[in-house]
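Q: I would like a close look at one part of this model, the place where the two chains meet. Please also set that part in its surroundings.

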Amino acid sequence: MSEPTTPSVEIVPHLCKACQRCIEVCKPGVIETNLERAFNELGYQWVEYKGDGCTGCGACFYACPEPGAVIVFKKGTAA
Amino acid sequence: MSQQVLEKPHSFYEKFDRKGGPQKTTHYCPGCGHGNVHKLIAETIDEMGLADRTVFISPVGCSVFAYYYFDVGNIQAAHGRAPAVGTGVKRTRHNSIVISYQGDGDLASIGTAEIIHAANRGEQMTVFFINNGIYGMTGGQMAATSLLGQKTATTPYGRTVENEGYPIHMAEVIATLEAPVFVARTHLADLKGIMNTRKCVRKAVQAQVEGKGFTFVEILSPCPTGWKMDTHTSCEYIVDKMLPVFPDKVFKDLIAERESYVRPDVDPTDEEVLDALDLGQLGEPFPKDQNFLDNFPTMNFKFAGFGGQGVLTAGAILAAVGMQEHLQVSWIPSYGPEMRGGTANASVVLSNKPVGSPMVVKPDVLAVMNDPSMDAFEETIAPGGLMIVNSTIITRKAKRTDIETLYIPLTQIADDMGLKAAANMVLLGAYLEYSKLLPVDHLKQIVPRGIKRKQLGDQNIEAVEAGAKWVRENVGARKAEAAVTA
């Protein structure tokens, strides 16, 4: 049997250039930047998912200019 | 698993194998819109299953490296020439999906002619035009699309109408043309704009798949680095400043009403091409004479005279005879803008080896049909070379004493037989009779096939014979020890 999965977003730390366009378009406001954190290998303080509250709308995926930096798992069922 | 995942489209390479740069990310600055558009295009290619058919034409500009990212066919074009290159691809590979991707410096300034004419011809390609209002890659200089008042590296006081004119509205310009089927402008300033861009990208590519014609999507795109703004301010700038000047809308959509057109495959044989170009009449080559070829020297010719005296044709016919004798040959004309009356000359090289340069700087044989040609080229003849002077027109004698000179009344001979324009054939007949370089008989066979006005074939053969006869009667064949005739 399958059960509903929780939507979520993954931001790949070493691909993020910290332009923060995803933060701007995120309606539930669940992506944040952490200025306390170290820099990634590109020299940016990457953004990250707060951990819950993602609706899986995909806005951040399309707002992100970097091909592979944002992965959105939409609402659905997992086997 | 039925969960839908939005992730890096498969039409991107897994790894961006770029020399000297990061291997996982693009080279674009943070917040740059190129990446957004790349993603939308790649997603469309994925969804439509077009990766194996797509040829992506990268421009010059920031997106010059698009070929490092898209796992499709890629060509990087010279500055502004992407639509011209795309035309070539589409015309030769009808099944390809051509995506021409250009910035505003590339498309709206440097390649204005190319985009206008590709659009006007209705080339079946999709053009994505990234408009950020500056030359981003080179440091933010003014582009044709820069806004009035916009301060750039080259408009430090702001763009003014008086100095730089108004920003050019490319989508509007393209939409005035009849051929394009879909012309739209979108922007990337907010999610709505991005999703509208996504819709237009799909629509434009789908129209190409259906063979509808030329599609054009202009995309207002942030350049935080070039504009010296952060990402957020860049997006505000698009909304507040650019959109009032460059409205986002669909300017033209004829996709539904325009008939699909699939260009038929044309694969002509060599013979058909030669026939179509009126070049196929030389017929079978003469039998190969290896001994003749082995001993043939490299000979440089220049034929010079007024336009209309047939010097270009004389050179071409001599080259054609040489070609049929299995020699390596070249012919290049040089002439002014006049079709008649200007000066013209043809350089011809005959050799038993491949011809390195078709330019003849020091001719072994110079034929001059008029005074200016003799004045211009007598000095250039190789020592010991031959000059043939059309003595009907040229009255002066050669200045050079280290060359051989033949004075032949070429125009008079041609005139006597009723075709003044055939002085060039008289020349060839006389030269080959004198030099024995190639058989006069072979020349007579090629002449009627090589000239443009076929109905004059017989008269041209007569002219060849008249020239040969004049040499037999007045000079005789060239002696082993060439004498300077006076």
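How many salt bridges are there between chain B and chain A?

A: The count between chain B and chain A is zero. The model is a predicted one, and what follows is computed from it.

The contact itself can be described from both sides. Chain B brings 36 residues to it, and chain A brings 29 residues. Three residues of chain B, namely Gln3(B), Leu6(B) and Lys39(B), supply 26% of the area that chain B buries against chain A, more than any other three residues. The size of an interface is often given as the accessible area lost when the parts come together. Between chain B and chain A that area is about 2,700 Å², and carbon and sulfur atoms give 59% of it.

Now take chain A by itself. Its secondary structure consists of two helices and six strands. In sequence order they follow the pattern β-β-α-β-β-α-β-β. The C-alpha trace of chain A spans about 45 × 25 × 20 Å along its principal axes. Chain A has 79 residues, and 51% of them count as buried. Among the contacts in chain A with a separation of 6 or more, 64% are between residues 24 or more positions apart. The accessible surface of chain A is about 4,000 Å², and carbon and sulfur atoms account for 53% of that surface. As for charge, chain A carries 7 positive and 9 negative side chains, and the centres of these two sets lie 9 Å apart. One residue in chain A has a backbone angle to note: the phi of Ala18(A) is near 60 degrees, a positive value in a residue other than glycine. Ala18(A) sits in the loop between β2 (8-11) and α1 (21-25) of chain A. It counts as partly exposed because its relative accessibility is 21%, and the cut-off for buried is under 20%.

A second salt bridge in chain B is formed by the side chains of Asp402(B) and Arg400(B), at 2.7 Å from N to O. Asp402(B) is partly exposed, with 36% relative accessibility, whereas Arg400(B) is buried at 14%. Another salt bridge pairs Glu433(B) with Lys436(B), and here the closest N and O atoms are 3.1 Å apart. Glu433(B) counts as buried because its relative accessibility is 10%. Through salt bridges that share partners, Glu433(B), Lys436(B), Lys444(B), Glu465(B) and Arg472(B) are joined into one network.

Two further residues of chain B lie in helices. Ser373(B) is in helix α13 (residues 371-377) of chain B and is buried, with a relative accessible area of 4%. Apart from residues up to four places away in sequence, Ser373(B) touches Ala304(B), Gly305(B), Val368(B) and Glu378(B). Thr411(B) belongs to helix α14 (residues 410-416) of chain B, and its relative accessible area of 10% makes it buried. Leaving aside neighbours within four places in sequence, Thr411(B) is in contact with Asn390(B), Thr392(B), Ile393(B), Lys420(B) and Ala423(B). From C-alpha to C-alpha, Thr411(B) and Met425(B) are 10 Å apart in space, and in sequence they are 14 residues apart.

Chain B also has a residue with a positive phi. His326(B), a residue other than glycine, has a phi near 75 degrees. His326(B) lies in the loop between α12 (311-324) and β12 (328-335) of chain B, and it is partly exposed with a relative accessible area of 30%.

Conventions:
Residues are numbered from 1 along each chain as its sequence is written. Chains are lettered from A and ligands numbered from 1 in the order in which they are written. This is a predicted model: local features need pLDDT of at least 70, side-chain atom pairs count only at pLDDT 80 or more; totals for chains, interfaces and linings use all residues. Side-chain values use heavy atoms; hydrogens and water are left out. Helices (H or I, at least four residues) and strands (E, at least two) are DSSP runs, numbered from the N terminus. Buried means under 20% relative accessible area, exposed over 50%, partly exposed in between (1.4 Å probe, protein chains only). Contact means heavy atoms within 4.5 Å. Accessible areas come from the Shrake-Rupley method with a 1.4 Å probe; for residues, only the protein chains shown count as cover. Lys and Arg count as positive and Asp and Glu as negative; His and the chain ends are not counted. The place of a charge is taken as NZ of Lys, CZ of Arg, CG of Asp or CD of Glu. Buried area is the accessible area (1.4 Å probe) that two parts lose on being put together, summed over both. A salt bridge is a side-chain nitrogen of Lys or Arg within 4 Å of a carboxyl oxygen of Asp or Glu.
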